[in-house]
Amino acid sequence: MAKVVDARGLSCPQPVILARQAMEEGQFPIEVLVDTVTSRENVRRAAERAGLKVQVEAVGDEFKLTLTR
Amino acid sequence: MSERLTRFFASRWGILLAGAVIGLLAPLLQKAGNPTNMGICVACFERDIAGALGLHRVATVQYIRPEIIAFVLGSLIAALLFREFKPRAGSAPIIRFFLGMFAMVGALTFLGCPWRALLRLAGGDLNGLVGTAGLVAGIALGVVFLKRGYSMGRSRPAPAPVGWMTPAIMLGLLLLLLFRPQFTKDGPIFFSVEGPGSKHAPLLISLAAGLVIGFLAQRTRFCTMGALRDVILMRDTHLLSGAGALFVVALVTNLALGQFKLGFAAQPIAHSNHLWNFLGMALAGLAFLLAGGCPGRQLFLSGEGDGDAGIFVLGMIFGAGFAHNWALTGVPDKLAEGVLTVGGPGPYGQAAVLIGLAFCIVLGFTMRERAR
């Protein structure tokens, strides 16, 4: 079961903080839900910096990022 | 194509480009007429708008600054072109309004926003170092709150007018600037005839520069507060490289244009009261962090439909009105017949900074996301 981080509607940098907390817990895959392109790019950058694979999927006008090792 | 451009703007090169363009255009705007070491200053320019509207009556700082208008509209254009315009609001608006007010009190104690702190430094004004140190301190304190779970709560998707409100306000300001109505005898709209408010680049140049910056900053998410926050919070230098590019390019441009004068004392529209330069910017930095962006970033966010950022902008403009009406702002150094009088805020201004810091610290401890 994927761990889900719902970061929709949160101000910068909380989506990244929540995603990083989930990464540190180490239960993969992680699904991060965001609602702006800014948050999508920020979470993507943080995950790639941590050496994770990132898959992005548009859900309506929101985004789901799936982070895997 | 659009996706490839988006990835470029999100890259290191994108943020470097945005910082470099701001660093180049600001000294050029100064050359074209804007005040010294104030080619661009979001806080000062919003203060000038407050004065033009009659929210304060300090005759030397009243002008409807086209750059502010164009920052929002440039961001709006970028957001519409790249399908990122998204009306949203509802994340603690009244708190954001007061954060904007106190951020302005802090910025006007120092006499500048984070952009101007860098631009002042790039013009040789070493007080910019003290201000930046204060900014770092305020942001570092805010990072502690972020790590403890500080949150303003979530915004929600909102009906279209919520997103269009701030761009509409900016269009209204543009009309007031173009038609210059005078609503009562000796009343607003005011335009300074002397002092910093009277110094401005030609309208079309200001508008064009502002549109370019608004566009680039929306695409790259340029943010001076975020630059320092991301380094302190997670050793991420992405945004910092943008702020660095701004500083380096502004420094080189100032040297090339002969706009560089090194020192602490009697710098243009500045004071060398170190304690209050530091504390003023510490307050501003903390307030920007709690609200999620520097004053420039709040303008760009409001251009892409963020109604909460628009509330913060209005808070800054109203805060500027109060700050000048109540004489809370820093007074510049005076140099008369070789005698230097060090400026800074008066007792009420000092109290306002301390109250603002207390307000922000209470928020830092108490604002948490509530479970549904």
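Helices (H or I, at least four residues) and strands (E, at least two) are DSSP runs, numbered from the N terminus, and the expected span of a helix is 1.5 Å times one less than its number of residues. Helix H2 of chain A has 13 residues and reaches 18 Å from its first C-alpha to its last, close to the 18 Å expected at 1.5 Å a residue. This is a predicted model, in which local features need pLDDT of at least 70 and side-chain atom pairs count only at pLDDT 80 or more, while totals for chains, interfaces and linings use all residues. Residues are numbered from 1 along each chain as its sequence is written, and chains are lettered from A and ligands numbered from 1 in the order in which they are written.

**Confidence in chain A**

- The mean pLDDT (the predictor's confidence in each residue, from 0 to 100) of chain A is 94, and 100% of its residues reach 70 or more.
- Among the elements of chain A, strand E2 (residues 30-34) has the highest mean pLDDT, 97, whereas helix H2 (residues 37-49) has the lowest, 93.

**Helix H2 of chain A and the contact with chain B**

- A residue is buried if 20 or more other C-beta atoms lie within 10 Å of its own, exposed if 12 or fewer, and partly exposed in between, with C-beta atoms placed from the backbone; the buried residues of H2(A) include Arg40(A), Glu41(A), Val43(A) and Ala47(A).
- These buried residues pack against H1, E2, strand E3 (53-59) and strand E4 (62-68) of chain A, together with helix H1 (2-10) of chain B.
- Two residues are in contact if their C-beta atoms, placed from the backbone, lie within 7 Å, and 15 residues of chain A are in contact with 19 residues of chain B.
- H2(A) gives the most to the side of chain A that touches chain B, with 4 residues.
- After H2(A) comes Gly51(A), whose phi is positive, near 80°.

**Two packed helices in chain B**

- The axes (lines fitted to C-alpha atoms, for helices over the stretch in contact, with angles from 0 to 180 degrees between N-to-C directions) of helix H8 (residues 160-179) of chain B and helix H14 (residues 307-325) of chain B come within 9 Å and cross at roughly 35°.
- On the side of H8(B), the contact is made by Val162(B), Gly163(B), Met165(B) and Thr166(B), and on the side of H14(B) by Gly307(B), Gly310(B) and Val313(B).

- Ile68(B) is found in helix H4 (residues 66-81) of chain B, and it counts as buried because it has 25 C-beta neighbours inside 10 Å.
- Leaving aside its neighbours within four places in sequence, Ile68(B) is in contact with Phe45(B), Glu46(B), Ile49(B) and Leu299(B).

**Backbone features in loops**

- Most residues other than glycine have a negative phi, and most peptide bonds are trans.
- A cis peptide bond, with omega about -5°, joins Phe28(A) and Pro29(A), and Pro29(A) is found in the loop between H1 and E2 of chain A.
- The peptide bond from Pro188(B) to Ile189(B) is also cis, with omega near 10°.
- Arg180(B), which is not glycine, has a positive phi near 45°, and Arg180(B) is exposed because 12 other C-beta atoms lie within 10 Å.
- Ile269(B) likewise has a positive phi near 45°, but Ile269(B) counts as buried because it has 22 C-beta neighbours inside 10 Å.
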